[in-house]
Amino acid sequence: MAQYLPPLENVPIFDTLLFTSPDSYLTYNTASKYFQIKAVGGGGGGSSGGGGAGGVVYQSASLGSSSYAVNVGEGGAAGAPCHNCTNGGTGGNSAFNGETANGGGGGATPRFGRRAGHSARGRGG
């Protein structure tokens with residue numbers, strides 16, 4: 001699903017499309033035009049520790065009349081803090097026009113045997 005965001009009042013040359021659903025398509029039906037594109041990976045799910053932010057990719061491209069796949073990475077699933085002790089899930093990758101922004105790492109839980117106040121390391125995000 002794409003949502004059209006109108007140009008800012010003081011910057012009338014930019015139009016913005018915001019894609020929020022996992023699998024979308026952009027169909028562009030006019031002559032080639034120059035675009036600035038930002039893709040953001042889904043954030044990692046939290047647990048006892050917070051999940052990592054998704055990666056960001058900036059791209060400048062000239063796009064012609066065609067249909068383009070847009071992949072929006074979903075956020076990672078939440079983990080269960082101790083007593084169940086499961087890490088948060090990794091966020092999904094976002095991609096457009098051959099560029100991929102990686103999803104963030106899931107938050108970690110403390111390992112058994114750690115004393116209170118000692119932190120656990122999450123997977124990189």
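Leaving aside its neighbours within four places in sequence, with which residues is S94 in contact? The question was examined in a predicted model, in which local features need pLDDT of at least 70, side-chain atom pairs count only at pLDDT 80 or more, and totals for chains, interfaces and linings use all residues. Residues are numbered from 1 along each chain as its sequence is written, and side-chain values use heavy atoms, with hydrogens and water left out.

The protein contains 8 strands and 0 helices, where strands (E, at least two residues) and helices (H or I, at least four) are DSSP runs numbered from the N terminus. Along the sequence the pattern reads β-β-β-β-β-β-β-β. Of the 125 residues, 31% count as buried, that is, under 20% relative accessible area with a 1.4 Å probe, protein chains only. The accessible surface (Shrake-Rupley method, 1.4 Å probe) amounts to about 8,200 Å², and carbon and sulfur atoms contribute 52% of it. Among contacts (heavy atoms within 4.5 Å) with a separation of 6 or more, 60% join residues 24 or more positions apart.

S94 lies in strand β7, which spans residues 94-96. This serine counts as buried because its relative accessibility is 3%. Beyond its neighbours within four places in sequence, S94 is in contact with V40, G41, G42, N71, V72, G73, E99, T100 and A101. Two of these residues also place backbone atoms by the polar side chain of S94: the backbone oxygen of V40 lies 2.6 Å from a polar atom of that side chain, and the backbone nitrogen of G73 lies 2.8 Å from a polar atom of the S94 side chain.

Definitions and conventions. Buried means under 20% relative accessible area, exposed over 50%, partly exposed in between (1.4 Å probe, protein chains only). A polar contact is a pair of N or O atoms within 3.5 Å; within protein, one must be able to donate a hydrogen and the other to accept it, and residues adjacent in sequence count only if both atoms are side-chain atoms.
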